[in-house]
Amino acid sequence: MMIISSGPRRLLIAVVSAVAALVPFYSAHAEMSAWADNEGGRMRLVALAPDAGGKIRAALQIEPKPGWITYWKEPGNSGIPPQITIAAESGVTLDAIAYPVPKHFFNGAIEDIAYDAPVTLPLSLTAAGKGPVTIDAAAFIGICKDICIPFQANLQLKLGPAIQSHSQEEAILQAADARLPKPPSQDFDVTAHAMSPDRKTLSLTLVLPSGGPGEGKAAPDIIVTGPSGYAFTKQIGGKRDGAAFKVDIAIGKLPKDYDISGKQWSVLVIDAERAMETTLAFE
């Protein structure tokens with residue numbers, strides 16, 4: 001199992017910062033909350049008015065300060081994945097969080113899958129009723145440099161009528177969507193996968209978009225996520241032949257008595273400037 005933020009980095013329970021961040025951040029501007037600030041960065045909520053079916057396009061904007069990072073959805077044992085909770089009295093539910101393509105960092109024994117620059121996490125929300133909507137969200141992330149600081153804030157905003165112009169918010173959401181990994185395609189896909197009987201290696205066969213003879217081309221970055229809290233990245237014996245790539249991924253210790261039958265894992269593949277994410281189903 002990949003361990004994130006092990007070794008010299010430690011978790012700092014910043015009591016003063018955490019208490020300060022719990023103060024609600026409310027903005028009179030209808031589609032953006034005010035920024036919540038922390039030693040390592042800031043974050044805010046952006047949203048558009050509900051459509052006719054009550055669906056709301058929204059996002060959590062996170063801006064780490066230079067030298068700081070914030071984590072992807074599966075940081076391993078020691079990181080803090082983003083968590084967002086919508087107050088029940090808001091009449092709004094959180095359906096899904098999407099994650100732009102992260103970076104893979106190595107610093108000695110420390111391995112991080114994270115963002116070291118501003119990132120926007122698209123959110124899919126649903127409003128239960130009609131009329132004006134007030135979103136009351138509690139966001140909790142980890143933001144790290146030499147230490148990791150829990151960053152929590154209540155982010156509130158009111159959504160104005162859908163007929164209003166939301167060009168700035170729309171631009172933010174479109175830019176976030178553009179950074180998401182793409183679904184499988186004919187020229188970029190996992191064509192076969194198999195877990196070894198001892199559950200120590202996961203064999204993958206991929207078709208990659210860069211093609212060519214494969215000589216001198218770097219191996220793609222592959223991040224396999226299994227049970228919650230587990231991510232696997234170590235490649236064994238990768239071989240590239242034109243657009244084809246075969247590799248084994250080392251699978252570390254899994255939960256005790258874990259039965260992979262019927263489970264679905266995910267894999268993110270980053271090859272040059274393109275990224276693809278898909279599901280691995282195990283029979």
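1. Buried means under 20% relative accessible area, exposed over 50%, and partly exposed in between, with a 1.4 Å probe and protein chains only. Tyr258 has a relative accessible area of 15%, so Tyr258 is buried. Trp265 is at 1% and therefore also counts as buried.

2. On provenance: this is a predicted model, where local features need pLDDT of at least 70, side-chain atom pairs count only at pLDDT 80 or more, and totals for chains, interfaces and linings use all residues. Residues are numbered from 1 along each chain as its sequence is written, and side-chain values use heavy atoms, leaving out hydrogens and water.

3. Rings of Phe, Tyr and Trp (its six-membered ring) pair if their centres lie within 6.5 Å; planes under 30 degrees apart are stacked, over 60 edge-to-face, the rest tilted. The count is 4 aromatic pairs. One of them, Phe232 with Trp265, is stacked, at 5.7 Å centre to centre and 20 degrees between the planes. Phe232 sits in strand S17 (residues 231-232) and Trp265 in strand S20 (residues 264-271), so the pair ties together parts 33 residues apart in sequence. Strands here are DSSP runs (E, at least two residues), numbered from the N terminus. Phe232 and Trp265 are both buried.

4. Tyr258 and Trp265 make a tilted pair: 6.5 Å between centres, 40 degrees between planes. Ring pairs join Tyr230, Phe232, Tyr258, Trp265 and Phe282 into a cluster.

5. A charge sits over a ring if NZ of Lys or CZ of Arg is within 6 Å of the ring centre and within 35 degrees of the ring normal. The charged end of Lys263 does this over Tyr258, 5.2 Å from the ring centre. Arg42 lies over the face of Trp35, 3.8 Å from the ring centre.

Conventions
Helices (H or I, at least four residues) and strands (E, at least two) are DSSP runs, numbered from the N terminus.
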